[in-house]
Amino acid sequence: MEKQWSEMTPAEKRAARFAKWLSPPGIKFAGRRAEQSYRERVNRLIKTITLQTPDRVPVILPMGFFPAFYAGSNLKNVMYDYGELRRAWKKVIRDFDMDVFDPPALVWSARAFETLDYKLYWWPGHGLAEDASSYQYVEGEYLKAGEYAALLENPTDFGLRVFLPRVLGALQPFQTLPPSSPLAGMPMSYVMSFSRPEIRRVYQTMLKAGKELEKWGRAVRDCRRAAVKAGVPVLRGGFATAPFDTLGDSLRGTQGIIMDMYRQPEKILETIEKIIPLTIASAVATANANECPIISIPLHKGEDGFMSRQQYEKFYWPSLKRVLTALINEGIVPLVFAEGRYASRLEIIRDIPRGSVIWWFEQTDLALAKKYLGDVACIAGNVPATLLVTGTPAQVKEYCRRIIETAGQGGGLILNGAAFMHRGNPDNLRVMMEAAREYGTYR
C-alpha cells in the first residue's frame, strides 16, 4: 500500500515533488526532443540542489520584466493587457535558450490594482513614469505602534477591519464593521453587515477585481504551460516572506520596526509567532498547487547593514529557520534570496539540513559563501545588474567564468544575476548560457 502523505519522511515527500516536477501532469510536450530536454534540465537542477555533481552548472537568466521590453512593449502595457503579457513572455520562450523559465507571476494586474485602489505599490502610469521599468513599493505604518495588542488578540479581525482598508482604498467601509466572528453569536448577526449598501459595494468591487485576476491568472498559467511544453521547466512554485519582513515591510515599515526593536521587542516576537504558521500554511498550499517544488523567499531586512548579528539571531533567523524547516519537512525546496550583503550571516545560516535549500546571494562574495555553505547548501548568484545592463557580452562572460571557477567546484552552484535585468542587451543574457556551457562542465 502507498504511504499517506502524513506518513512520509521529508526525503520521501521531496522525492514525490521531484517526480511531479519531472513529469508534470496534464502536459503534452511539443515533441520528443522537448520532453528529453525538459527532463535533462530538471535533473540538472535536482542534482545541483542536492549537492550531487550534474553535467554542468545550471543557469537562471535574471530577466525580471525584461520580456516586456524585449518584445517591443513595456511594463505598463503588459500589466494592463494580458494578451501583450502572453505575447512577450512566449517570445522569450521561443528566442532564448534557458535552463529554467521564470513566469510573469510578478507582473500584477494593474486593472485589479486600480479597482481595489491598491496603495502598497506605485506602478508605471500610476505614481511612476509611463515607461518605468519596475514597481515602487510604498512603505508605511499600516500597523500603528500601539496596535500590536489588537493584532495579537485577533489577527483575522485586525486584517479585515484595519489592515485591508488601509492598503486597499476600496475596502475602507470595512473600518466601520463591528468586531465579529462567524463563531460568535447568532449566524444571522454576522450576515447583517451585508444589509448595508456600502458594504455590499465593497464585495461587488472585490468580485470585479477577482474576475480581473482570473483573467490575469489564465495568462500567467498559459506562459507557464508554454514553457514546459517547449521543454523548459518553471523556476518557482510560489512565494513566501520571512516573518520578520512581513511585519517590517507590510505592517510597521522600516522606521517603525527599527524603533520597536528597542522600544517593544517583545511585541515583535509575539507577533512573529502569529505570523510563522500563517506563512508556512500559505507556502505549502501554493507549492501543492504547482508542479515546481521551489518556493522563492526574498529577504529584505536581514542583511548585514540593517541589524547587528545579535539582533539577527534574536529577531530574524529563528523564525526564518522555522519556516525553512517546515517547508523542507514538506518536501519543498526554499529558494532564499539574500538581498544586500550577508557575509556576517553565513555561519548562522549553515544550520539547515544538507542539500535542502538554495541560497541566492546578491552582493555577498560567492567565494566566502562557498567556504561556509558549500558542504551544506546550493548557492546561486551573482552577476551584477549594473554589469548586465551597461557591460558588454565579453565582460559579462568573463565575470561568469570567474564565478564558476570561484564557486562551482564540485557542484552546488547555480549561475544567476545579482538582481533582475529589466532592460538591457539581450546578448548579455545569452552569454550567461554560453559561459555555463564553456566553463561550467563537470568532467
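I looked up surface patches first: Met188, Tyr190, Val191 and Phe194 form a nonpolar one with about 370 Å² of accessible area together. Patch members have over 30% relative accessible area and no salt bridge, and nonpolar side chains (Val, Leu, Ile, Met, Phe, Trp, Tyr) are joined within 5 Å. Areas are Shrake-Rupley values with a 1.4 Å probe, and only the protein chains shown count as cover.

I noted that the model is predicted: local features need pLDDT of at least 70, side-chain atom pairs count only at pLDDT 80 or more, and totals for chains, interfaces and linings use all residues. Residues are numbered from 1 along each chain as its sequence is written, and side-chain values use heavy atoms, with hydrogens and water left out.

I placed Phe194 in the loop between helix H9 (187–191) and helix H10 (197–229); helices are DSSP runs of H or I, at least four residues, and strands are runs of E, at least two, numbered from the N terminus.

I then checked salt bridges (a Lys or Arg side-chain nitrogen within 4 Å of an Asp or Glu carboxyl oxygen). The structure holds 36. Glu291 and Arg224 meet in one at 3.6 Å, N to O. This pair links distant parts of the chain, 67 residues apart: Glu291 is in the loop between helix H13 (265–288) and strand S4 (294–299), Arg224 in H10. Glu291 is buried at 16% relative accessible area, and Arg224 is buried at 11%; buried means under 20%, exposed over 50%, partly exposed in between.

How values were computed
Patches are made of residues with over 30% relative accessible area and no salt bridge: like charges are joined within 9 Å, nonpolar side chains (Val, Leu, Ile, Met, Phe, Trp, Tyr) within 5 Å. Buried means under 20% relative accessible area, exposed over 50%, partly exposed in between (1.4 Å probe, protein chains only).
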